[in-house]
Amino acid sequence: MKKFASIFKNKEIVGRIFFTIMILFVIRIGAAITVPGVKTTSSFTDAMNSGNAIAMMNLLGGGALSNFSVFALGVSPYITSQIIVQLLSKDVLPALTELSKQGQYGRKKIEMATRYLTLLLGAVQAYGIIMMMQNSSYISLTLSTSGGGAFWTYLYIITVLLAGAMLTMWLGDQITEKGLGNGISIIIFAGCVRSLPIQISTAWEKWVAANLRIADSTAIIRGSFQFALYIVALLAIVTGVVFFEISRRKIPVQHAGKSGQSASMARASFLPIKVNSAGVIPVIFASSILMAPTVIASFISADAAQAPWLKIFSYSEMFTMPWFNGGTWKMPWGLLIYLTLIIVFTFFYSEMQIDPESLADNFQKNGSYIPGIRPGKATERYVRRVLNRVTCIGAIALAAISALPVALTLSGVFGGDSSLALGGTGMIIIVGVAIELNSQIDGLLAGKSFDEVRGGMA
């Protein structure tokens, strides 16, 4: 309670909170405006609740794809562009690698390149989404699509979606600069939090309210127990994700004292390596790759988009395969591919985030060292070994949490109602952003306390 009181006494924090809420309010208004000339179907609503790649796109769009709104693309093109530019900056394109070493000037140039790439990817993604959803009968176009009118209709819708994506990116930048937290993360966070009350109310309706209407005492008791168990499971998963997000492996580091100082005066600190160094980026990568075959097939024809073999890339379905004597058997190939990609990308992205070679070089330049480990190559090998061990735990945990709602849906625990499935990427995003917000607020409060102390001493 003291922390809440301190927050509301701090005008800067209150102003940032109010600004962030206002920006999210604008985004929610845009998310409720369907793109003119587009009409969604009932099958589209079912797809949003199926836990497939479409639902992942809706998650990254802050929930705006569910109405095929002007903000339907959300921040997905910008996130993809950031990932691509970051990958190319790692000694792939010498020009970008050089810019990444030029401080503030280089960062501005890289940010500009990211925005231009966002425009290109946004246009391609918008067209791919339109074709995929149209071929899958998720949407229908009310504007003319015959003859020369088709080109202008698609161009108009793509322009609206692209404008919405760029506006969303700009609003995210405003949150980062004048609000609380990272703007892009906050937009996704708001969409994830929005689904939690709906999920809990659906569970209440299914297990409690429905039984109260039929006035069956046995069913009421059983339903109340199921709902209570559901809430306990939800809280347990949240606790596990929080533990997963804040867990770190601390490597002791010594900083050599300046000339004239004794060894005992050397400063000691730690190099923290997060269990989940990669965040949710591996999940986004994996979902994008699984969705790519369906999008490419949608460019070809409606029949190609409905090909049965494409179900092998859907992690929310069981793929049926032939067996002996005319029999069949089912296997969740999509889920297995999804988990494999998450684990592979977690190792890959963690290596990018904490580059052992660069870390060892910086240690040597700054006179820092790990006790008992020689500087240079020995330090690099030690850090890489520790990173791989920690990342192994993080990759398995990330894959398990991401796959939990899909596995629960496939198992039939909720009777095919995937909207009740627990865990998933949304939970990781909610917890991660909440921890980040808490850290930023603590920093602002600490800064104010320091200013007050310094003012009192003056």
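Visitor: Which residues are linked in a network of salt bridges?

Guide: Keep in mind that this is a predicted model. Side chains of opposite charge can pair when their charged atoms come close. Here the network joins Glu 351, Lys 377, Glu 380 and Arg 384.

Visitor: Why are Arg 384 and Glu 380 separated by about one helical turn?

Guide: Because they are 4 residues apart in helix α15.

Visitor: Is Glu 380 buried or exposed?

Guide: Buried means under 20% relative accessible area. Glu 380 has 11%, so it is buried. Arg 384, at 27%, is partly exposed.

Visitor: How many salt bridges does the count come to?

Guide: The count is 7. Among them is Arg 115 with Glu 111, at 3.2 Å between the closest N and O atoms. Both residues belong to helix α7, which spans residues 103–135, and they sit 4 residues apart, about one turn. Arg 115 is partly exposed at 24% relative accessibility, and Glu 111 is partly exposed at 25%. Another salt bridge connects Arg 16 and Glu 12, at 3.4 Å from N to O. This pair lies in helix α2, again 4 residues apart. Glu 12 is partly exposed, with 42% relative accessibility.

Visitor: How do the axes of helix α13 and helix α15 cross?

Guide: Two packed helices are described by the angle between their axes and the distance between the axes. For α13 (residues 333–353) and α15 (residues 377–411), the axes come within 9 Å and the angle is roughly 150 degrees. Angles over 145 degrees count as roughly antiparallel, and α13 and α15 are therefore roughly antiparallel to each other. Their crossing is right-handed.

Visitor: What separates the C-alpha atoms of Leu 339 and Ala 399?

Guide: A distance of 5.6 Å, although the two residues are 60 apart along the chain. Leu 339 is in helix α13 and is partly exposed, at 22% relative accessible area.

Visitor: Which residues make the nonpolar surface patch?

Guide: Phe 18, Ile 21, Met 22, Phe 25, Ile 29 and Ile 33 make a patch of about 590 Å². Take Phe 25 as one of its members. Phe 25 is found in helix α2, residues 11–31.

Visitor: Is Phe 25 buried or exposed?

Guide: Exposed means over 50% relative accessible area. Phe 25 has 51%, so it is exposed.

How values were computed: Residues are numbered from 1 along each chain as its sequence is written. This is a predicted model: local features need pLDDT of at least 70, side-chain atom pairs count only at pLDDT 80 or more; totals for chains, interfaces and linings use all residues. Side-chain values use heavy atoms; hydrogens and water are left out. Patches are made of residues with over 30% relative accessible area and no salt bridge: like charges are joined within 9 Å, nonpolar side chains (Val, Leu, Ile, Met, Phe, Trp, Tyr) within 5 Å. Accessible areas come from the Shrake-Rupley method with a 1.4 Å probe; for residues, only the protein chains shown count as cover. A salt bridge is a side-chain nitrogen of Lys or Arg within 4 Å of a carboxyl oxygen of Asp or Glu. Helices (H or I, at least four residues) and strands (E, at least two) are DSSP runs, numbered from the N terminus. Buried means under 20% relative accessible area, exposed over 50%, partly exposed in between (1.4 Å probe, protein chains only). Axes are lines fitted to C-alpha atoms, for helices over the stretch in contact, and angles run from 0 to 180 degrees between N-to-C directions. Angles under 35 degrees count as roughly parallel, over 145 as roughly antiparallel, 65 to 115 as roughly perpendicular and the rest as oblique. A crossing is left-handed if the near helix is turned anticlockwise from the far one by less than a right angle, and right-handed if clockwise.
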